Amino acid sequence: MRSRILFLSGRQEDAPILARMLQGLPVLFETAEDLRQARARLLQDEYQLIVAEAALADGNWLNVLHLVRECPYEAQVILASTDVDPGLWADAMNLGVYDVLAQPWYEPEVRRIVSNACAHRHHWARPAAAAMAAI
């Protein structure tokens, strides 16, 4: 079974690079440029993993977490950032992010983290009330 991945980034030049790195893995790779597009995709389709830039034109990684919690299903979130510091990593992990990828990406690390996130995801339908209470 293929895992659906949504890459959320205003830097769309990164999408082909990430897609190439994930070739051969059992994933379907899609993109969104901003939170508005991501919201539409996440509410329309089910994704197992969201790889999101830490800083977006219309928000940040905290907004991504809130957006994912609005979904009626559980999805893992991986952050991507050119400026990863221990504070960002600790905050992200404490709030439920699966992992943080430093850019520029190192292909073996990307493949390992994405594979693990897809394999270890806890995927189940959540009642709408529980999803809203988590926001």
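Reader: How many aromatic pairs turn up in a search of the whole structure?

Author: Two. Keep in mind that this is a predicted model, where local features need pLDDT of at least 70, side-chain atom pairs count only at pLDDT 80 or more, and totals for chains, interfaces and linings use all residues. Residues are numbered from 1 along each chain as its sequence is written, and side-chain values use heavy atoms, with hydrogens and water left out.

Reader: What makes phenylalanine 7 and phenylalanine 29 a stacked pair?

Author: Rings of Phe, Tyr and Trp (its six-membered ring) pair if their centres lie within 6.5 Å; planes under 30 degrees apart are stacked, over 60 edge-to-face and the rest tilted. Here the centres are 6.0 Å apart and the planes sit at 25 degrees, so "stacked" it is. Phenylalanine 7 belongs to strand β1 and phenylalanine 29 to strand β2, 22 residues apart.

Reader: Why is helix α2 called roughly parallel to helix α3?

Author: Their axes cross at roughly 20 degrees and come within 10 Å. Angles under 35 degrees count as roughly parallel, over 145 as roughly antiparallel, 65 to 115 as roughly perpendicular and the rest as oblique. That crossing angle therefore makes α2 roughly parallel to α3. The α2 side of the contact (heavy atoms within 4.5 Å) includes Leu35 and Leu42, and the α3 side includes Val64 and Leu67.

Reader: And how do you know that α1 is roughly perpendicular to α5?

Author: Helix α1 (residues 14–21) packs against helix α5 (residues 107–120) at about 75 degrees, with the axes 9 Å apart. That angle is why α1 counts as roughly perpendicular to α5. Leu18, Arg20 and Met21 of α1 meet Glu107, Val110 and Arg111 of α5.

Reader: What caps the N-terminal end of helix α4?

Author: Aspartate 85 does: one of its side-chain oxygens lies 2.8 Å from the backbone nitrogen of glycine 87. Just after α4, glycine 96 has a positive phi of about 110 degrees.

Reader: Which peptide bond is cis, with omega near 10 degrees?

Author: The one from glutamine 103 to proline 104. Proline 104 sits in the loop between β7 and α5. For background, most peptide bonds are trans.

Conventions
Axes are lines fitted to C-alpha atoms, for helices over the stretch in contact, and angles run from 0 to 180 degrees between N-to-C directions. Helices (H or I, at least four residues) and strands (E, at least two) are DSSP runs, numbered from the N terminus. A polar contact is a pair of N or O atoms within 3.5 Å; within protein, one must be able to donate a hydrogen and the other to accept it, and residues adjacent in sequence count only if both atoms are side-chain atoms.
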